[in-house]
Amino acid sequence: MASGWVAAACASWSGDAAGSPFVGDLRAAPGVPIDEIVVAPRGGARDFAAELEPRAAQSTVVYINFDGASLSYGLDDSTRNVTALEDQAGEFPDYGGSSQRAAVVQAVANDFAPYDVVLVEERPQGIDYTMALVGPNGVGSVLGVALLDCDNDSPNNIVFAFHHDGDGYSAGSQANTISQEVTHSFGLEHVDHAGDVMYPVSTGGDPLFMDACLPIVPADDVVCAAQHRRQCEPGYQNSFRELFDLLGPARSDDEPPVVYVSAPGDGDELATATPFDIIARAYDDHAVANVVLFVDDANIGSRMSAPYSWAVAGLDEGIYEVYAIAVDIAGNMTRSDTIELYVGVDNPSRKHGGCAWAPDASRAGVWCLPLLLVARRRRPKMASTGTRDAKAPAAC
Ligand SMILES: [Ca+2]
Ligand SMILES: [Ca+2]
Ligand SMILES: [Ca+2]
Ligand SMILES: [Zn+2]
């Protein structure tokens, strides 16, 4: 422990709980120890000069990463995949299937609903975020591991939940592990109440952050004492109020999401025989609830988590109009621009005789420009002869 590291394993603690002053015998509690918490090393990455500048209040961003990552060892930095937990360095596996992801994210969102927290499933760019890696990388019998980061000193921690799709834990239980690990990275410790997210044993049910001063366990090893004392007597923690102070209240969500169809491209020509994916991208200032794809105004199906992708095969020849509608968790809705797909048929505007700009900047495109300019210039004179005006571009 010369380096200032303190490891607190839930499993060993619950074994000698008899001497603790709180009510309740954890040895009798059913369930699995949730995690190991490790006190965060101090110093190094923090940029104090930057903190002298006033900043607009910003939502706390939590990136739930189900896709795995390649981690190196050093001071925690989620943005560069660096973890201070040496035994987690290396390849962290992905979550596996996707059947439970949306429900897990929803349950985490429910836990953090009172606070100004934005949950995302795609890696944010250019901002601070806590990353929760979710995948089967367990060592021993615990379900997770996290740094205990008093006063949320680092905004870029990485925490770990060793769950995978179909591991036998409900979405609510998996979410509880994730929520607890994330919250350790804000400096909250374990409390002795099975109804609180910070209870150190996974017992099922649907714990939340309770608005009550609950005894911290293990009682003789409180680490972030100053932080807890703002709400409670020494030795106690009010998870709800502490998070409220650290994160701020949830903001109302009046901003609709941004959504667009990213693949195939507008006007793309596709073969009838070749299956392809339609991919939409959606972003929201809070969280996207789902994205629904429409082809020729028919609802093709909803996706609740990124990537928003629909496999397409066996389409008849024809021109299809495709758009997506994204809904955020507050019910705000956005319809994307419509793209056209040419399946088994030519896109006339892609022909060399057309006026569209060919991707290879072909000679036809170059010729087309002056003719179009001529057509435009003539337009006022031909205003009374609408049919000729409409035909002008076809002359190219
Ligand atoms: Ca932190
Ligand atoms: Ca919960
Ligand atoms: Ca929104
Ligand atoms: Zn824990």
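Me: Where is Pro-264 found?
Reply: Pro-264 is found in the loop between β16 (258-263) and β17 (269-270). Strands here are DSSP runs of E with at least two residues, helices are runs of H or I with at least four, and both are numbered from the N terminus. This is a predicted model, in which local features need pLDDT of at least 70, side-chain atom pairs count only at pLDDT 80 or more, and totals for chains, interfaces and linings use all residues. Residues are numbered from 1 along each chain as its sequence is written, while chains are lettered from A and ligands numbered from 1 in the order in which they are written.

Me: What kind of peptide bond joins Ala-263 and Pro-264?
Reply: The bond is cis, with omega about -5°. A cis bond, also with omega about -5°, joins Val-217 and Pro-218. Pro-218 is in the loop between β14 (214-217) and α5 (225-228).

Me: What makes Asn-152 count as buried?
Reply: A residue is buried if 20 or more other C-beta atoms lie within 10 Å of its own, exposed if 12 or fewer, and partly exposed in between, with C-beta atoms placed from the backbone. Asn-152 has 20 C-beta neighbours inside 10 Å, so Asn-152 counts as buried. Asn-152 lies in the loop between β10 (144-148) and β11 (158-161), and has a positive phi of about 50° although it is not a glycine.

Me: Why is Asp-297 called exposed?
Reply: Asp-297 has 8 other C-beta atoms within 10 Å, and is therefore exposed. Its phi is near 70°, a positive value in a residue other than glycine. Asp-297 sits in the loop between β19 (288-295) and β20 (298-303).

Me: How do you know that the span of helix α3 agrees with its number of residues?
Reply: The expected span is 1.5 Å times one less than the number of residues. For the 12 residues of α3 (residues 101-112) that should be 16 Å; the end C-alpha atoms are 17 Å apart, which agrees.

Me: Which residues of α3 are buried, and what do they pack against?
Reply: Among the buried residues of α3 are Arg-101, Val-104, Val-105 and Val-108. The buried residues of α3 pack against β4 (60-65), β8 (117-120) and α4 (171-184).

Me: How many helices and strands does the protein have?
Reply: The secondary structure comes to 8 helices and 24 strands. Of the 396 residues, 33% count as buried.

Technical notes:
Two residues are in contact if their C-beta atoms, placed from the backbone, lie within 7 Å.
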